[in-house]
Structure formats: structure tokens, C-alpha cells
Amino acid sequence: MARGFPLTASDFAEFIRYVEGGLMGFMCLIFIGDMGRGNISQLLRAVYGYPQWFVPLIGMWQGGITVATFGEGGKYQQVGQHMLAFLMGGCAYTHLRRGTRKKEVNSALVLLAFTILLPYLQGRDEDMVMWAAKQLGLAAVGFGVGEIMGKTVMEKVEVPAAPAKVVEGKEKSEEKKDK
């Protein structure tokens, strides 16, 4: 007898947990590993104005998320989800207020949505409205911290205008219209 769709909600939740934790662990290694070389720090300073000390700090925060997500069989997973919501609020600030490509905020919003949906998918006995409010509140605090940092420790960076899209042949068709 067929079981139906092979992926249950709890299986999907476990998949999301591994994706989140794995991604944060990977980024932790990259950001903390940047302390010696400074390549990512230089890039984030040039693009967003972040101070050089900020990249390793973000890496340590991501490492904390990874430990909370996987440590002791996920016992501290809620703490990790709260930390991730805060971080995604900061990412949203970075892409919306200081970046040139606003659509890059989508990855932060997807991870924030995962932090909201995870307890529901796991079947935890949570008041989902309160959980969502907490996660969105933490993201708002992260965004606010970004605003404060943007006005205090971040360097002023000239945000260039988005480049105009060039379509081949468009200029020729416009010349024909002018004639």
C-alpha cells in the first residue's frame, strides 16, 4: 500500500534544520577564516561600509547558530532559531538600506520564514502566532541594530546607481523610430 507523499512535515522540518545549520556552519568557517586574509572584510567594507572586525563577529554568531541547531540533538534549536531571526534582520538591513541589488534580501527573508515555520512543521506545541511575533520582533531588532551601526560604525559608502540594462538591437530600433 502506497504511503502517499514520501516527505512528511517532520521530514521537511528536519531537512530545513540541516540546511540552516549547514549553511550557517559553512558561512561561519568562511567568515572566521577571513580573519587572516581579510578578503571578505575588504569586500564588505567596500560594498557596504562594514568595519573589518565585523566579519569575524558575524562568523562567530553563525557558529553559535550552528551549535544551537545541532548541539545535544537539537536541544537548543529554539535559541538557534532566535539567533538566526536576529541575523536575518541585520541581513535585510544590509541589502535594503546599503546595497544596490534589493532582490538579494530574498535569501534573508526565506531563512526568516524557515525560522517561523520550523516549529509548526516539527509539530511542536507552540502558539504559532506568538512564535511568529517573536521571530519577526527579533528580525526587527536585528534591522534596528543595523540602522544604529549604519549611523555610527559603518563607513559612508556611495551607493552607485543600478546599471541600466542594455539590450542589443534596442538602440537600432529606437533610431528607426526617430526617422
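Helices α1 and α5 pack at an angle of about 145°, with their axes 9 Å apart. The model is predicted: local features need pLDDT of at least 70, side-chain atom pairs count only at pLDDT 80 or more, and totals for chains, interfaces and linings use all residues. Residues are numbered from 1 along each chain as its sequence is written, and side-chain values use heavy atoms, with hydrogens and water left out.

**Terms for helices and axes**

- Helices (H or I, at least four residues) and strands (E, at least two) are DSSP runs, numbered from the N terminus.
- Axes are lines fitted to C-alpha atoms, for helices over the stretch in contact, and angles run from 0 to 180 degrees between N-to-C directions.

**The chain as a whole**

- The chain has 7 helices and 0 strands, in the sequence pattern α-α-α-α-α-α-α.
- The chain has 179 residues, of which 36% count as buried (under 20% relative accessible area, with a 1.4 Å probe and protein chains only; exposed is over 50%, partly exposed in between).
- Among contacts (heavy atoms within 4.5 Å) with a separation of 6 or more, 71% join residues 24 or more positions apart.

**α1 with α5**

- The crossing of α1 and α5 is left-handed, a term used if the near helix is turned anticlockwise from the far one by less than a right angle; clockwise is right-handed.
- On the α1 side, the contact involves Ala 9, Ser 10, Phe 12, Ala 13, Ile 16, Arg 17, Glu 20, Leu 23 and Met 24.
- These meet Leu 111, Phe 114, Thr 115, Leu 118, Leu 121 and Gln 122 in α5.
- By class, the contact of α1 with α5 has 10 nonpolar, 3 polar and 2 charged residues; Ala, Val, Leu, Ile, Met, Phe, Trp, Tyr, Cys and Pro count as nonpolar, Asp, Glu, Lys and Arg as charged, and the others, Gly among them, as polar.

**α5 with α6**

- Helix α5 covers residues 105–122 and helix α6 residues 128–152; their axes come within 10 Å and cross at roughly 155°.
- That angle makes α5 roughly antiparallel to α6 (over 145 degrees; under 35 is roughly parallel, 65 to 115 roughly perpendicular and the rest oblique).
- The crossing of α5 and α6 is right-handed.
- From α5, Leu 112, Thr 115, Ile 116, Pro 119 and Tyr 120 meet Met 128, Trp 131, Ala 132, Gln 135, Leu 136 and Ala 139 of α6.
- This contact of α5 with α6 divides into 9 nonpolar and 2 polar residues, with no charged ones.

**Ile 116**

- Ile 116 is in helix α5 and counts as buried, at 17% relative accessibility.
- Leaving aside neighbours within four places in sequence, Ile 116 touches Met 128, Trp 131, Ala 132, Gln 135 and Leu 136.
- One of these, Ala 132, is 16 residues from Ile 116 in sequence, with 5.4 Å from C-alpha to C-alpha.

**Asp 34**

- Asp 34 belongs to helix α1, residues 9–37, and counts as buried at 3% relative accessibility.
- A polar atom of the Asp 34 side chain lies 2.8 Å from the backbone nitrogen of Asn 39.
- Not counting residues up to four places away in sequence, Asp 34 is in contact with Asn 39, Ile 40, Ser 41 and Val 55.

**Gly 99**

- Gly 99 lies in the loop between α4 (77–98) and α5, where Gly 99 counts as buried at 5% relative accessibility.
- Val 47 is 52 residues from Gly 99 in sequence, and their C-alpha atoms are 7.3 Å apart.

Definitions and conventions. A polar contact is a pair of N or O atoms within 3.5 Å; within protein, one must be able to donate a hydrogen and the other to accept it, and residues adjacent in sequence count only if both atoms are side-chain atoms.
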